[in-house]
Amino acid sequence: MEHKESNPGPCRKVVVLSGAGISAESGLRTFRDGDGLWNTYRMEELATPQAWARNPVLVLEFYNWRRKQAMEAEPNAAHFALARLQRFFEVKIVTQNVDDLHERAGSADVLHLHGELHKARSTADPSRIYPISGWELKLGDRCELGSQLRPHIVWFGEEVPLFPQAVSLAGTADIFIIVGTSLQVYPAASLVHYVPAEAPKYLVDPRSEPDSPIRNLTAIRNKAAEGVPELVDRLIAGLA
Ligand code: OAD
């Protein structure tokens, strides 16, 4: 016999802001934890327009390495739980992550604020964006107009072109979930301030502070792969 879960009521909108912590249990390193990438490598040498101008080969190698790791990683229970939530709510994911684990878990609506590892774009025209089929982007890989391709990543010091879209989504959230982000990088960290004050907000992070100044915020001090499925179950049951 097939067990069918029922929809608890009118479709409500859940907006999620995710960060590196949601992919940590898939084996991808975060940035600012003890073994975080920016505690091991100098961000100024790898993730800025100046780094690209100075040493594009090094920058390409860094993202090729991360692309390879992302391709080998699998979504974890947190990604899958958010995909399951779509059967009950309208779910919009705003992620700071450049991996594609939300999509591979089945989430249909994912906005990548900081770009995507599996895409390249023209250095001459940012609107020319191309999929990268394997793990490697090389010096000499060009768009059809002849310009060098670069990783489709928002580097430090660059505009975040999708932020206005994320702000619109946040403004219409009935429920807002923040998961696995240190909230140290702006403008992403300010997104919560665009969420209606009365909307319940949840923060899933093993290092979350319970006494946040954000109104209606429940801190869930747990890892994403446990905390997110539990929260999703509560939302579906109408208990959260
Ligand atoms: P950070 O490395 O700054 O923060 C990771 C957060 O994840 C921390 O708050 C950890 O406590 C939490 N965390 C660690 N393990 C976790 C787990 N298993 N479950 C849940 N949470 C866990 O990463 P971000 O906030 O995503 O930008 O960093 C923001 C941006 O800075 C990134 O998008 C990246 C980086 O530079 C670019 O590359 C453009």
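Which loop does P187 lie in? P187 sits in the loop between β7 (175–179) and β8 (201–204). Before going on, a reminder that this is a predicted model.

I start with that loop. The peptide bond from Y186 to P187 is cis, and its omega is near 10 degrees. L183 is placed in the loop between β7 and β8 as well. Phi of L183 is near 55 degrees, which is a positive value in a residue other than glycine. As background, most residues other than glycine have a negative phi, and most peptide bonds are trans.

Now the ligand. It has 23 residues around it, and the closest are F31, R32, T181, S182 and D205. By class, that shell holds nine nonpolar, eight polar and six charged residues. Two domains take part: the shell draws at least three residues from each of domain 1 (10–28 + 75–114 + 160–240) and domain 2 (29–72 + 119–153).

In the side chain of T181, an N or O atom is 2.7 Å from an oxygen atom of the ligand. A polar side-chain atom of E25 lies 2.9 Å from a ligand nitrogen atom. As for cover, on its own the ligand has 800 Å² of accessible area, and the protein covers 95% of that.

The last item is the second largest pocket. How much space lies in it? The second largest pocket has about 200 Å³. Its lining includes H112, L113, G115, E116, R121 and P126. Also among the lining residues are H152, V154, E158, E159, P161 and L162. Sorted by class, the lining divides into five nonpolar, three polar and four charged residues. Strand β4 (residues 115–122) gives the most to this lining, with three residues.

Why does this pocket lie between domain 1 and domain 2? Because both domain 1 (10–28 + 75–114 + 160–240) and domain 2 (29–72 + 119–153) give residues to the lining of the second largest pocket.

Technical notes. Residues numbered from 1 in each chain as written. Predicted model: local features only at pLDDT ≥ 70, side-chain atom pairs only at ≥ 80, totals over all residues. Heavy atoms only, no water. Near = heavy atom within 4 Å. Polar contact = N/O pair within 3.5 Å; in protein donor to acceptor, adjacent residues only side chain to side chain. Areas by Shrake-Rupley, 256 points an atom, 1.4 Å probe, with all protein chains shown as cover. Nonpolar A, V, L, I, M, F, W, Y, C, P; charged D, E, K, R; others polar. Domains from an automatic or database assignment. 1 Å grid on protein atoms, 1.4 Å probe; cavity = no way out; pocket = protein on both sides within 12 Å on 5 of 7 lines; lining within 4 Å. Points joined across faces, edges and corners; volume = space filled by probe spheres on them. Helix = DSSP H or I, 4+ residues; strand = E, 2+ residues; numbered from the N terminus.
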